[in-house]
Structure formats: C-alpha cells, structure tokens
Amino acid sequence: MKTVIATAAAPAAIGPYSQAIQVGNMLFTSGQIPIDPATSQFVEGGIKEQTTQVFANLKAVLAEAGYTFDDVVKTTVFLADMSLFVPMNEVYASQFSGSFPARSAVAVKELPKGALVEIEVIAVK
C-alpha cells in the first residue's frame, strides 16, 4: 500500500506527480528544484544557494513523513553542467552526518524551469 506525502513547506508539484510516496518503511521523493515554497520563485544566487534550497525542500518532505536525512540511503543529483559538481558537493556534504548515502550524480541537457540542480532521495526507516 502506498501513501502520498504532501506538505506546504515544500514547493507544490508542478505536474502529475506527488512530492513523495511512502511504501512500507521506504520513502521515495520526487526531484526537488530550488523553488522557495513561500514565494514560488527560484532562490537568488548560484549553485550553492540553489543546492541549499533543494535540501530545505527535501528536508520538509522527509519531515512530513517522519524521516530525516539520517534515513536517506540513496540520492540522485541532476546538474545542468558537471562544472557545478564541486560547489554543489560542498553544500551536499554539509547536509549529512555520519555515513553518506549512496549517490548518483549526472549532468543533463536541461532541468525544469532552468534550475541548476535537482535532487531526489530514497529513505528507509
């Protein structure tokens, strides 16, 4: 049985998808882009600011379902360009304590709304 997870503390879905789906003890988030849920606009700044906002959005979705970053076992990072990897990674590293989750990081041709970064996670309790 799956449960739809939704919170106003993260940007609303801009298409036919859910912010996250919980199945048993697993949580699968949709990719988050750097939209500030209070303004529905991109945050000001570059890749570091965008990555910080993406993690704030992910934290809100995780929290709505009772999870934290400590429960994350896998992340997928989508970048507009691999030249953004190092500054994104600096912010990424600061978000986790203890062991890091498994991760894939890829550059893609384009991200929704022209974002520089999008991240999705899988968490397990």
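The backbone oxygen of Ser 18 lies 2.5 Å from a polar atom of the Ser 30 side chain, a polar contact being a pair of N or O atoms within 3.5 Å, of which, within protein, one must be able to donate a hydrogen and the other to accept it, while residues adjacent in sequence count only if both atoms are side-chain atoms. This is a predicted model, in which local features need pLDDT of at least 70 and side-chain atom pairs count only at pLDDT 80 or more, whereas totals for chains, interfaces and linings use all residues. Residues are numbered from 1 along each chain as its sequence is written, and side-chain values use heavy atoms, with hydrogens and water left out.

Ser 30 belongs to the loop between strand E3 (26-29) and strand E4 (35-36); helices (H or I, at least four residues) and strands (E, at least two) are DSSP runs, numbered from the N terminus. With a relative accessibility of 18%, Ser 30 counts as buried, where buried means under 20% relative accessible area, exposed over 50%, and partly exposed in between (1.4 Å probe, protein chains only). When neighbours within four places in sequence are left aside, Ser 30 is in contact (heavy atoms within 4.5 Å) with Tyr 17, Ser 18, Gln 19, Ala 20, Leu 58, Ile 119 and Glu 120.

Strand E3 is also part of an open sheet of six strands, in the order E1-E2-E3-E8-E6-E7 and with mixed pairing, two strands being paired if DSSP finds at least two bridges between them. Strand E1 (2-5) and strand E7 (102-107) form the edges and have a single partner strand each, so that one side of each is left without a neighbour in the sheet. On average, and with direction ignored, neighbouring strands of this sheet are turned by 15° against each other. Strand E2 (residues 20-23) and E3 run antiparallel and are joined by four bridges, with Thr 29 in E3 as the bridge partner of Ala 20. Helix H1 packs on the sheet, where it touches E1, E2, E3, strand E6 (72-79) and strand E8 (117-124), and its direction makes about 30° with that of E8; axes are lines fitted to C-alpha atoms, for helices over the stretch in contact, and angles run from 0 to 180 degrees between N-to-C directions. Between E3 and E8, which run antiparallel, there are three bridges, and Met 26 has Val 124 in E8 as its bridge partner. E6 and E8 likewise run antiparallel and are joined by seven bridges, Val 72 standing opposite Ala 123 in E8.

The axes of helix H1 (residues 47-64) and helix H2 (residues 85-94) come within 9 Å and cross at roughly 35°. The crossing of H1 past H2 is right-handed, a term that applies if the near helix is turned clockwise from the far one by less than a right angle, the anticlockwise case being left-handed. On the H1 side, Ile 47, Lys 48, Thr 51, Thr 52 and Phe 55 meet Pro 87, Met 88, Glu 90, Val 91 and Tyr 92 of H2. The residues of this contact divide into six nonpolar, two polar and two charged, with Ala, Val, Leu, Ile, Met, Phe, Trp, Tyr, Cys and Pro counted as nonpolar, Asp, Glu, Lys and Arg as charged, and the others, Gly among them, as polar.

Further loop positions were examined individually. Thr 7, in the loop between E1 and E2, counts as buried at 14% relative accessibility, and its side chain reaches the backbone nitrogen of Ala 9 at 3.0 Å. Leaving aside neighbours within four places in sequence, Thr 7 is in contact with Gln 19, Ala 60, Val 61 and Glu 64. Gly 66, which lies in the loop between H1 and E6, is partly exposed, with a relative accessible area of 39%. Beyond four places in sequence, the contacts of Gly 66 are with Asp 71 and Lys 125, and its C-alpha atom is separated by 9.8 Å from that of Leu 27, 39 residues apart along the chain.

Most residues other than glycine have a negative phi. Ser 40, in the loop between E4 and strand E5 (41-42), has by contrast a positive phi near 60° and is exposed, with a relative accessible area of 54%. Lys 113, found in the loop between E7 and E8, has a positive phi of about 60° although it is not a glycine, and counts as exposed at 57% relative accessibility.
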